Amino acid sequence: MRPETRPGWSSGRTTINRVPVYEFACESCGHRFEELVGSHVGLDASDVACPECGSAKVERLLSTSYASLHRQLTPNQRRRLEDKRGTDRGGAKERFARQRAAERAAARRRESS
């Protein structure tokens, strides 16, 4: 049984630590960006500069939630989104139906031989 740990903290046997990703807004050009900060990357929040204009006048924004940056849509979610936007899938459904029909016909021919 694992020992109790505080939420968000790793146990003593692992090397996984939380990585703070902060969102910033440049006061000079208005560019919004994210930056990793902390001793593990050698950058303090007060040392962050805008990647667009290089200005040190940046404001750290409050993040209200966390969302994965690499979120993948399922095929059904993608299809519904395309239908909602009216995006033409280039006849993919018809091409798939023709391909499946050809595969079934070939399988029937192999079985009858």
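Surface patches are built here from residues with over 30% relative accessible area and no salt bridge, with like charges joined within 9 Å and nonpolar side chains (Val, Leu, Ile, Met, Phe, Trp, Tyr) within 5 Å. A salt bridge is a side-chain nitrogen of Lys or Arg within 4 Å of a carboxyl oxygen of Asp or Glu. The model is predicted: local features need pLDDT of at least 70, side-chain atom pairs count only at pLDDT 80 or more, and totals for chains, interfaces and linings use all residues. Residues are numbered from 1 along each chain as its sequence is written, and side-chain values use heavy atoms, without hydrogens or water.

The protein chain contains 2 helices and 3 strands (DSSP runs numbered from the N terminus; helices are H or I, at least four residues, and strands E, at least two). Their order along the sequence is β-β-β-α-α. Of the 113 residues, 10% are buried (under 20% relative accessible area; exposed is over 50%, partly exposed in between; 1.4 Å probe, protein chains only).

Val-21, Leu-36 and Val-41 form a nonpolar surface patch of about 220 Å² (Shrake-Rupley method, 1.4 Å probe; for residues, only the protein chains shown count as cover). Leu-36 lies in strand β2, residues 32–36. Its relative accessible area is 38%, so Leu-36 is partly exposed.

There is 1 aromatic pair (ring centres of Phe, Tyr or Trp, the latter by its six-membered ring, within 6.5 Å; planes under 30 degrees apart are stacked, over 60 edge-to-face, the rest tilted). Phe-24 and Phe-33 are stacked because their ring centres are 5.7 Å apart and their planes lie at 20°. Phe-24 is buried at 2% relative accessibility. Phe-33 is buried at 8%.
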